[in-house]
Amino acid sequence: SKQARIDRLKANIPTVPDFPKPGILFWDIMPIMQNPEVFSDSVALLEEHVKESGIKVDVVVGLEARGFLFGPLLALRLNCAFVPVRKAGKLPGETVKCSYTLEYGKDTVEVQKNSIKPNQNVLIVDDLIATGGTMASACQLMESMQANIVECLAVVELDDLKGRDKIKYPVHSLIHC
Ligand code: PRP
């Protein structure tokens, strides 16, 4: 069943207390990738969600770094483009930037200016939504590119941090913690 698949996925996401700073409980998604069956199923679950919701997607946008582990695989399954949102200073050419406060720090993200055309349907993917700052900043970037944000999608969402309250678009996560 779908619930059994979600439960198996969750069983492969151990928590690490006090990482990367004291008081932070870190959800480590990397072990998902140690088991190809589990990893493949995580991408299948994302794909099924998008297909079942009937959303038309032109571009999957992935957030550095762990959004890059799921975004391109999902984009291939949806037969659409993949565009990376990176920490500032990594992308050549003209870019659009956005600064934000993170669960544990501050950062600026950017995207290549011509990578997304106005009115394209964009699905933003990341491994995890904590405070929602990262996803909200990606939304801001997409807004400044006049993209049409169809959904913000994550593998894990930390419900207590209420990250989705910062995001003014549909949010979906496979696992709620
Ligand atoms: C983590 C995670 C999300 C973000 C979630 O990334 O992968 O991108 O934090 O936190 P937020 O909802 O509070 O913004 P991190 O900044 O650790 O970067 P990394 O993926 O490059 O390690």
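A polar contact is a pair of N or O atoms within 3.5 Å; within protein, one must be able to donate a hydrogen and the other to accept it, and residues adjacent in sequence count only if both atoms are side-chain atoms. The side chain of Thr131 has an N or O atom 2.5 Å from an oxygen atom of the ligand. This is a predicted model, in which local features need pLDDT of at least 70 and side-chain atom pairs count only at pLDDT 80 or more, while totals for chains, interfaces and linings use all residues. Residues are numbered from 1 along each chain as its sequence is written, and side-chain values use heavy atoms, with hydrogens and water left out.

**Confidence**

- The mean pLDDT of the protein is 96, and 98% of the residues score at least 70; pLDDT is the predictor's confidence in each residue, from 0 to 100.
- Strand β3 (residues 59–63) has the highest confidence, at 99, and strand β5 (residues 95–102) the lowest, at a mean of 86.
- Strands (E, at least two residues) and helices (H or I, at least four) are DSSP runs, numbered from the N terminus.

**Ligand site**

- An N or O atom in the side chain of Asp126 lies 2.5 Å from an oxygen atom of the ligand.
- From Ala65, a backbone N or O atom is 2.9 Å from a ligand oxygen atom.
- The ligand exposes 500 Å² when taken alone, and the protein buries 88% of that; accessible areas come from the Shrake-Rupley method with a 1.4 Å probe, and for residues only the protein chains shown count as cover.
- β7 and α4 (133–144) are the elements that give two or more residues to the shell around the ligand, and the largest share, 4 residues, comes from β7.
- The ligand is surrounded by 16 residues, of which the closest are Asp126, Asp127, Thr131, Gly132 and Thr134; a residue counts as near if one of its heavy atoms lies within 4 Å.
- The shell has 6 nonpolar, 4 polar and 6 charged residues, where Ala, Val, Leu, Ile, Met, Phe, Trp, Tyr, Cys and Pro count as nonpolar, Asp, Glu, Lys and Arg as charged, and the others, Gly among them, as polar.

**Asp127**

- Asp127 belongs to strand β7 (residues 121–129).
- Asp127 counts as buried because its relative accessible area is 5%; buried means under 20%, exposed over 50%, and partly exposed in between (1.4 Å probe, protein chains only).
- Beyond its neighbours within four places in sequence, Asp127 contacts Ile29, Arg66, Gly67, Phe70, Ala154, Val155 and Val156; contact means heavy atoms within 4.5 Å.
- Asp127 and Gly67 are 60 residues apart along the chain, with their C-alpha atoms separated by 5.2 Å.

**Ser173**

- Strand β9 (residues 171–176) contains Ser173, which is buried at 2% relative accessibility.
- The side chains of Ser173 and Glu157 make a polar contact of 2.7 Å.
- Not counting residues up to four places away in sequence, Ser173 touches Ile129, Ala154, Val155, Val156 and Glu157.

**Gln112**

- Gln112 sits in strand β6 (residues 105–112) and is partly exposed, with a relative accessible area of 29%.
- Outside four places in sequence, the contacts of Gln112 are Leu91, Pro92, Glu94, Thr95 and Met145.
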